[in-house]
Amino acid sequence: MPDPNGFLRYERQLPKRRPVPVRIRDWHEVYPPAGEELIRDQATRCMDCGIPFCHEGCPLGNRIPDWNDLVRTGAWAAAAESLHATNNFPEFTGRLCPAPCEAACVLGIADDPVTIKQVEVEIANHAFDLGYVKPQPPVTLSGKSVAVVGSGPAGLAAAQQLARAGHAVTVFERDDAIGGLLRYGIPDFKLEKERIDARMEQMSAEGVEFRTGVNVGVDISAASLREQFDAVLLTCGALESRDTPGTPGRELGGVHLAMEHLVPANRVVAGLQDSTPIDANGKHVVIIGGGDTGADCLGVAHRQGAAGVIQLDQYPLPPETRVAGQHPWPTWPVILRNYPAHEEGGERVFAVAVQEFVNDGSGNVSAVRVADVVVERVDGVRTVTVTPGSERDLRAELVLLAIGFEGTERQPLLEQFGVTPNHRGSVDSGDDWQTDAPGVFVAGDMHRGASLIVWAIAEGRAAAAAIHTYLGAPGELPAPVRPSSQPLATVR
């Protein structure tokens, strides 16, 4: 059983990041491997709380107290087995998930929560280093086949579950490499790509076939896919970037969507191209958007040698700690989140809105005109009020729009499959994860809208369970969430 006094003996502590002057000169991950003693001490902080609300915070239902205690006792093989029982890719979530499980940690009521995310990633690291991650090919084949369109975390999780259940699975990816946003949307300083390659090797040995450079709906029709496979799962993500077409000066050179910056930068790091058309080197950069994508752009701009970076957020500066009356435990708190990229440099400006992109006289941006704003939400309606006389210009030769996504991209496969996005730009499903087209299922961000990697994996696993049943296969696969499942939230 867990040590009930561990949290009294050890304070929350994370491993030290690599020094800023060193890491901004390369693209390697910010965190080096943590020492085993540190991780065992942190796992020991997991208290015998009786009702582990961390299970509710995590849509995968990860057995967090179980593998924390196994790490505490040094049983790394058993910890890896327990972790993989609910999560196909803990090396991804341990690096990229913002850890809603930690927000729901019982210890967090009156103390700092357990470093669940860090323990998770170290279990995954040990599992690979010590050879615990091995292919699990099926014992018998079902004779059924499934096409998975899209190779992000939802598609990969579903593919692995279905392949292990004995189905013939083919993953179609329009890019030249597997991984979706994990491959070209997430910078290497957060996730080095050999992590993806290692899982691909395991999945290939389990029978999953990967076909890259195939744009379903263009290179192969939906009708052809349905003829070849018994079921189809759509996991194409939510890559329709939110834009600001009505802002004066949006057409100027130097104003780009965040993904237009991140994707070629990742391709350069991967050695697939020599340079990027959108380079921050020597430029004053303004990033519009204060979330994960904005922080990714910030870290990339630092490594490209930006002269200066300012990151804008329309919302006011959030508090550093949870405000119980507004975001009570165990819900996700709105607090100031400092990413590693923020300690590398740059300035953050809150409670401002862009009024105009200023023309330098030659058709290129020279500044971003902003104004202070007050953001209010009344009866679910958000209003933004500009403070008179607060306008000023921020120098910018490069502007990156990182203000979110508006659902799945409008692409030929939607019409060919007979699938229509809803008003949010995502694709609805029934309780069985099936779209309006019989035998065509949907999961991940394409279904939920832009969300967390842990939700994508959970939906991929759940959709795989539904497809397994649809194919008439014996037994059941684990289904951690339903199509209607939502994160823990305050009900008003």
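Start by selecting strand E6 (residues 284–288) and strand E7 (residues 308–313), which pair in the parallel sense over five bridges. Two strands count as paired if DSSP finds at least two bridges between them. Strands (E, at least two residues) and helices (H or I, at least four) are DSSP runs, numbered from the N terminus.

This is a predicted model: local features need pLDDT of at least 70, side-chain atom pairs count only at pLDDT 80 or more, and totals for chains, interfaces and linings use all residues. Residues are numbered from 1 along each chain as its sequence is written, and side-chain values use heavy atoms, with hydrogens and water left out.

**Stop 1**

Val286 stands opposite Ile310 in E7. Ile287 stands opposite Gln311 in E7. In a regular strand, side chains alternate between the two faces of the sheet.

Is E7 mostly enclosed or open? Five of its six residues are buried, so E7 is largely enclosed by the rest of the structure. Buried means under 20% relative accessible area, exposed means over 50%, and partly exposed lies in between (1.4 Å probe, protein chains only).

Now widen the selection. An open sheet of five strands has the order E5-E13-E6-E7-E8, with parallel pairing. Strand E5 (255–257) and strand E8 (347–350) stand at the edges. Each has a single partner strand, so one side of each is left without a neighbour in the sheet. Neighbouring strands of this sheet are turned by 20° against each other on average, direction ignored. Here axes are lines fitted to C-alpha atoms, for helices over the stretch in contact, and angles run from 0 to 180 degrees between N-to-C directions.

**Stop 2**

Most residues other than glycine have a negative phi, and most peptide bonds are trans.

- Select Trp329 and Pro330. A cis peptide bond joins them, with omega about 5°. Pro330 sits in the loop between E7 and E8.
- Select Ala351. Its phi is near 60°, a positive value in a residue other than glycine. Ala351 lies in the loop between E8 and strand E9 (352–359). At 19% relative accessibility, Ala351 counts as buried.
- Select Ala99. Its phi is near 65°, again positive in a residue other than glycine. Ala99 lies in the loop between helix H7 (90–96) and helix H8 (100–103). Its relative accessibility is 5%, so Ala99 counts as buried.

**Stop 3: the cysteines**

Select Cys101 and Cys58. How far is the sulfur of Cys101 from the closest cysteine sulfur? That sulfur is in Cys58, 6.0 Å away, too far for a bond. A disulfide is a pair of cysteine sulfur atoms within 2.5 Å. By this rule the count is zero disulfides. Cys101 is buried, with a relative accessible area of 10%. Go on to Cys297: it is buried as well, at 0%.

**Stop 4: the second largest pocket**

Select Glu81, His84, Ala85, Gln136 and Arg164. Of the 18 residues that line the second largest pocket, these lie nearest its centre. The pocket has a volume of about 370 Å³.

How is that defined? On a 1 Å grid over the protein atoms alone, a pocket is an open set of points with protein on both sides within 12 Å along at least five of seven lines, and lining residues have an atom within 4 Å of a point. Grid points are joined across faces, edges and corners, and the volume is the space filled by probe spheres (1.4 Å) set on the points.

Now colour by element. Helix H6 (76–84), helix H10 (153–164) and helix H12 (194–205) each supply at least two lining residues. H6 gives the largest share, four residues.

Colour by class next. The lining has six nonpolar, seven polar and five charged residues. Ala, Val, Leu, Ile, Met, Phe, Trp, Tyr, Cys and Pro count as nonpolar, Asp, Glu, Lys and Arg as charged, and the others, Gly among them, as polar.

**Stop 5: another sheet**

Select E3, E2, E1, E4 and E14. These five strands form an open sheet in the order E3-E2-E1-E4-E14, and the pairing is parallel. The edge strands, strand E3 (209–212) and strand E14 (440–442), each pair on one side only. Neighbouring strands here are turned by 20° against each other on average, direction ignored.

Zoom in on strand E4 (residues 231–234). Three bridges join E4 to E14, and the two run parallel. Leu233 has Phe441 as its bridge partner in E14.

**Last stop: Pro478**

Pro478 lies in the segment after helix H18 (453–470). At 39% relative accessibility, Pro478 counts as partly exposed.
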